[in-house]
Amino acid sequence: MSFTKPIPAYLAQRYMGWRATTFQENRGWYRRLAEEGQRPRAMVISCCDSRVHVISIFGADQGEFFIHRNIANLVPPYEPDGDRHGTSATVEYAVTALRVAHVIVLGHSRCGGVQGCYSMCSGDAPELEEKTSFVGRWMDILRPAYETLPDADEATRLTALEHEAVRVSLRNLMTFPFVREAVEAGTLTLHGLFNDIAEGSLWTLDPPTGAFQPV
């Protein structure tokens, strides 16, 4: 493939450092992961944002989380139309094959995807309205939530829309028959979390109130 190139030197150096230290010190653990396969207890659906690092936030080890990342940590509704659905396929595999006990939707502050949705719905991002915009069509999942935002300043409305991204995804998860069946059987629980990047705080969606409370 003539259009590809070797990885940047700094990444190669980091890899060699990892292999010489972390990997060598835990060779047995990595061999066990390879031979026994993965058995994660939880799936985490988070944003692609480079500032959101699920492993660091929870101090997790390899093999502990089944992680799916996409723009604005969104889950689309169940649509068995024969098209390609990356997020839906990941949810299906986590629930039906890996049989995870928890699915966590993790939102975050200052989300660029949510900002894009807000701008699109406000009429300030016509480029996202184009049918050729993958980001715009993906953010259509969140578009209905824009109409529910409080009458407040823009910062407050953006945070509210970031929170809605988590709620919308949780509601859409329940449209998948295999998710609903597992939840109703008590073998799967759904959770909504929100990470404030600047503060390092984590908020959890409180089922009785539907509001986010600090962990």
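Modeller: The protein chain has an accessible surface of about 12,900 Å², and 54% of that surface belongs to carbon and sulfur atoms; areas come from the Shrake-Rupley method with a 1.4 Å probe, and for residues only the protein chains shown count as cover. This is a predicted model, in which local features need pLDDT of at least 70 and side-chain atom pairs count only at pLDDT 80 or more, whereas totals for chains, interfaces and linings use all residues. Residues are numbered from 1 along each chain as its sequence is written, and side-chain values use heavy atoms, with hydrogens and water left out.

The C-alpha trace of the protein chain spans about 55 × 45 × 40 Å along its principal axes. Nine helices and six strands make up its secondary structure elements; these are DSSP runs numbered from the N terminus, with helices being H or I of at least four residues and strands E of at least two. Of the 215 residues, 39% count as buried, meaning under 20% relative accessible area, against over 50% for exposed and partly exposed in between (1.4 Å probe, protein chains only). Among contacts (heavy atoms within 4.5 Å) between residues at least 6 apart in sequence, 62% join residues at least 24 apart.

In general, an α-helix has 3.6 residues a turn, so residues three or four places apart point the same way. Just after H9 comes Gly-186, which takes a positive phi of about 85°.

Elsewhere, the aromatic rings deserve a brief note. The structure holds ten aromatic pairs; rings of Phe, Tyr and Trp (its six-membered ring) pair if their centres lie within 6.5 Å, and planes under 30 degrees apart count as stacked, over 60 as edge-to-face and the rest as tilted. One of them is the tilted pair of Phe-23 and Tyr-30, 5.3 Å centre to centre with 40° between the planes. Both Phe-23 and Tyr-30 are buried.
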